[in-house]
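Have a look at the structure first.

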Amino acid sequence: YRAEADVNRQHLKMDDLVFGFPKGRTVIVCDIDGTVSMTHYQELVLDARDDMWSKAFPDSADVLRELSKRYGLVYLTARPGFLLEKTKRWLATNGFPQAPVVTTPGLVQSIGVESFKSKRIMHFQMLFGTVGIGIGNADTDSEAYAMNDLLPLLIDDRDGKQFRAHAVVLRNWRSVRAFFDANQAVLENPDRLKKAVKGEEMILRPIVRYQKPE
């Protein structure tokens, strides 16, 4: 769609995508840095070109493309707004499904990321009503998701990282695919998902294989 406006005697216009989610579909909120992107922060911020240094985590794009066929999807990141277009191009170049990308207004909000993400998720709930799952890699993701009654899925392959009991910890994106396949009936049903988050319905969690301490 194209939006046009006259602001202070200056004519502005922009072409962009408008996303619509089917009513009643569970919506997933997904982090970017450390979750789908092995981000090189210095190059991301300072390099005037596109982000050619950061690589996608194995299977992340494939899994999200599969999920986007059955779920709504929103990318929610602590990156400041001046990186929005570069982020969109990186997602497209690496094969990720098209979805809204929401950044912070500036660096101040990027530092207070837990509060920012929580407020954005509250806004998403007002818009969609069925935001039920959050995928991330950090404590701030887990807390922001849980504060808004989302099911937090945390991707982490290190035994040293401790998340609170409300989070489901998965080793990698292959494990994410397996988790969604095993719990499809619950995760695709917003009402059943709410019950699962409250502990009123069971979901299947993977057994994390023992790794010998280094």
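Start with V29, whose bridge partner in β6 is V74. That bridge belongs to the parallel pairing of β3 (residues 27–30) with β6 (residues 72–80), which runs over four bridges; two strands count as paired if DSSP finds at least two bridges between them. Helices (H or I, at least four residues) and strands (E, at least two) are DSSP runs, numbered from the N terminus. Before going on: this is a predicted model, so local features need pLDDT of at least 70 and side-chain atom pairs count only at pLDDT 80 or more, while totals for chains, interfaces and linings use all residues. Residues are numbered from 1 along each chain as its sequence is written, and side-chain values use heavy atoms, with hydrogens and water left out.

Now zoom out to the sheet. It is open, has six strands in the order β7-β6-β3-β8-β9-β10, and pairs in the parallel sense. At its edges sit β7 (101–104) and β10 (168–170), each pairing on one side only. From one strand to the next, the twist averages 25°; angles run from 0 to 180 degrees between N-to-C directions, and axes are lines fitted to C-alpha atoms, for helices over the stretch in contact.

What packs on this sheet? Helix α6 does, touching β3, β8 (131–136) and β9, with its direction at about 170° to that of β9; contact means heavy atoms within 4.5 Å. Helix α7 (residues 173–182) lies across β3, β8, β9 and β10, running at about 150° to β9.

Back to α6, which has a helix neighbour too. Helix α5 (residues 113–128) packs with α6 at an angle of about 30°, their axes 9 Å apart. From α5 come V113, E114, K117, S118 and I121, and from α6 T140, D141, E143, A144, Y145 and M147. The buried residues of α6 are D141, S142, E143, A144 and Y145, where buried means under 20% relative accessible area (1.4 Å probe, protein chains only). Their cover includes β3, α5, β8 and β9.

Finally, follow the chain out of α6. In the loop between α6 (139–147) and β9 (151–155) you'll find N148. Is N148 buried or exposed? Its relative accessible area is 11%, so N148 is buried. Leaving aside residues up to four places away in sequence, N148 touches S118, I121, M122 and Q125.

Methods
Buried means under 20% relative accessible area, exposed over 50%, partly exposed in between (1.4 Å probe, protein chains only).
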